[in-house]
Amino acid sequence: MAAPDSNAVHMMDTIMLVDMDYFYVACEELRHPEIKDAPAIVGSDPKGGSGRGVVMTCNYKAREYGIRSGMPISMAYRIKPDAAYLPLDYGFYESISGRIMDVLRGMAWKFEQVSIDEAFIDVSDRCNTYADAEAYAKKVHDGVFATASIKCSVGVGPNKLVAKIACEKAKPNGIRVVKSDEVVDFLSGCRIDELYGIGKKTEEKLGKLGYKTVKDLANANVMQLVGAFGSLGIELKNYANGIDNRQVEEQIGIKSIGRELTFDVDTSDLARLGEAVITLSNAVIEEARKGNFFFRTVTVKIRYYDFSEHVHSRTVRSAGDAPTLIDVAMGILAGNIDPSKKVRKIGVRISNLVDYGKQSRING
Ligand SMILES: [Mg+2]
């Protein structure tokens, strides 16, 4: 009889998604404890109800009134004018995020940051049973709080897909463990749009093919899915069956840095648009300098009053200074703007980043 292989690296895959609860508001609560028990919203300035832009995050008190992230700030203001409205302060949130991510990285065999407040960790090497996994999730959850006084939720599963959905179910401030043999049941209780890669359009398209639930999709005809979605069709069916082979992998460095600005009043005034591009370019370069990043690609996004959006990019030989970025971004603006349409929002982004920082960080 074969003995269990004692050299096996691990007996089961244990992936966790750790996601901070209403992160920006939670950060603001640290320095404004008075907003804790009242509805609080982080986002654009509501300007007495005429403000533009959106709610970035809100706390659970604000959610009780039906306020949600992504909602126009003017709508939130109509619902709750006396809520606490706070402007975004990315620098502050990033400093807190950095401390949390360092702790998570230290607790993981493999680590992958997904966003400012979310990371996957692969802890397969330190969990041999689901009791271990549950205990480790608690350790992670409490470790985050001990580090930064920020609450998080932890989803645990045999792969990224299950960990992500389990985390959604665990919110707020909870832990949810889904064992391998529970995956099919767990997913069949989820809405189809809770699976990865299924947005509104895909959901509609699946519905027309007769796939309305996760169970329908799990039993779908794969050739029909491939006909409708290409290779994504195979993935969709796999996801519905709880199969996800994506690994947890550290993303080296930041992929892009961008800033956006919504005008108070839609404008087609080229001077105002140019000013905005300069302001945004300077903010982007300031951020890039922190990491000693040089950029190769510049992207300007223009959203017109009718919500049509145009994105234009130009790749240059690596550059890292503000005058070059302003020059390239202004060139893109001038070459692509439709002067007959008013602009609602404009964005500047740099990508294809080259990290020239390692050398100087080592030296000092
Ligand atoms: Mg979050």
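**How the terms apply to this predicted model**

User: Why does the protein chain's radius of gyration agree with a compact globule?

Analyst: With 364 residues, a compact globule would have a radius of gyration near 21 Å, and the protein chain has 23 Å, so the two agree. The radius is taken over C-alpha atoms, and the globule rule is 2.2 Å times the number of residues to the power 0.38. Along its principal axes, the C-alpha trace spans about 80 × 55 × 50 Å.

This is a predicted model: local features need pLDDT of at least 70, side-chain atom pairs count only at pLDDT 80 or more, and totals for chains, interfaces and linings use all residues. Residues are numbered from 1 along each chain as its sequence is written.

User: What makes β2 a strand, and where does it lie?

Analyst: Strands are DSSP runs of E, at least two residues, numbered from the N terminus; helices are runs of H or I, at least four residues. β2 covers residues 40-43. The protein chain has 14 helices and 13 strands.

User: How do you know which strands pair with β2?

Analyst: Two strands pair if DSSP finds at least two bridges between them. β2 and β4 (residues 84-86) have three bridges, in the parallel sense. Three bridges also join β2 to β3 (residues 55-58), which run antiparallel. V42 stands opposite L86 in β4 and opposite T57 in β3.

User: Are the residues of β2 called buried or exposed?

Analyst: Buried means 20 or more other C-beta atoms within 10 Å of a residue's own, exposed 12 or fewer, partly exposed in between, with C-beta atoms placed from the backbone. A40 and V42 point one way, I41 and G43 the other, and all are buried.
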